Amino acid sequence: MSRVRVHNFSISLDGFCTGEGQSLDAPFGHAGGRLHEWFFRTRTFREMHGDSGGGTSVDDAVARTWEAGIGAEIMGRNKFGPQRGPWEDHEWTGWWGANPPFHTPVFVLTHYPRPSLEMEGGTTFHFVDVTPQEALRQAREAAGDLDVRIGGGVATVREFLRLDLVDHVHLAVVPIVLGRGERLWDGLEGLEERFEIESVTTPSGVTHLTLTRR
Ligand SMILES: NC(=O)c1ccc[n+]([C@@H]2O[C@H](COP(=O)([O-])OP(=O)(O)OC[C@H]3O[C@@H](n4cnc5c(N)ncnc54)[C@H](OP(=O)(O)O)[C@@H]3O)[C@@H](O)[C@H]2O)c1
């Protein structure tokens, strides 16, 4: 069966994957860009956004694995944008512009469904008010033989891990202390028993952790 994967998920030393106070001007709240500086520098990130340049370091080699073999993504509504509650701005089509970097169906979990959004480049956002298991069923169906990526945000990755629906996780542990925000690990006590865990620290100071289902 296809695998369920998380990639390039940045986490601070104290376990936060986003800061407090997400808004239109601050997608990661008070964390600003600090969780993702390692990623912004990679060629992979720049290519995702149609730019050239960027480093081809070990960080880039790890980051690049996010795309291969993925046929659909699942994300939480707070990753899609800063609005909360009923949609007020239907013009909002995500942070990523007309041609988002996913190029697959993307299932956005939300209690406020709205019509699907077909974007340029093969990305279609489907807004679904369903259990994680049902979202995964729909994503698997859309992905065919390919894998499904859980793209975040934090609550969504945590919930899929809690329900034991994830086969492979790549976390980038960034040497910063955020102090507040959204924590990944809460409620996941003993997670390490389910996964083979490997880590490698790169010259940038980031430690890449992979958790692969035993
Ligand atoms: N560290 C990283 O690498 C990384 C990567 C991606 C994103 N992020 C950051 O993570 C943050 C977003 O994460 P988050 O934890 O705030 O939220 P999130 O996981 O993106 O979304 C949570 C929301 O999704 C909806 N939802 C989740 N499960 C659902 C279900 N089964 N059925 C219906 N709706 C469901 C609910 O929204 P409603 O009830 O409002 O519809 C819920 O409040 C952003 O700041 C983003 O920038 C970080």
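Student: Which polar backbone atom lies 2.8 Å from an oxygen atom of the ligand?

Tutor: A polar contact is a pair of N or O atoms within 3.5 Å; within protein, one must be able to donate a hydrogen and the other to accept it, and residues adjacent in sequence count only if both atoms are side-chain atoms. Here the backbone atom belongs to Pro 27. A polar backbone atom of Val 154 is 3.1 Å from a ligand oxygen, and an N or O atom in the side chain of Thr 110 is 2.6 Å from a ligand oxygen. The model is predicted: local features need pLDDT of at least 70, side-chain atom pairs count only at pLDDT 80 or more, and totals for chains, interfaces and linings use all residues. Residues are numbered from 1 along each chain as its sequence is written, and side-chain values use heavy atoms, with hydrogens and water left out.

Student: Is Thr 110 buried or exposed?

Tutor: Buried means under 20% relative accessible area, exposed over 50%, and partly exposed in between (1.4 Å probe, protein chains only). Thr 110 has 6% relative accessibility, so this residue counts as buried. Its place is the loop between strand 4 (105–109) and strand 5 (117–118); helices (H or I, at least four residues) and strands (E, at least two) are DSSP runs, numbered from the N terminus. A polar side-chain atom of Thr 110 also lies 2.9 Å from the backbone nitrogen of Tyr 112.

Student: Which elements supply at least two residues each to the shell around the ligand?

Tutor: They are strand 1 (4–12), strand 2 (16–18), helix 4 (77–80) and helix 6 (154–162). Of the 26 residues around the ligand, those that come nearest include Thr 18, Thr 110 and Ala 155.

Student: Where is His 103 found, and how is its accessibility classed?

Tutor: His 103 is in the loop between helix 4 and strand 4. With a relative accessible area of 38%, His 103 is partly exposed, while Asn 8, at 9%, is buried. Phi of His 103 is also positive, near 60°.

Terms used. Near = heavy atom within 4 Å.
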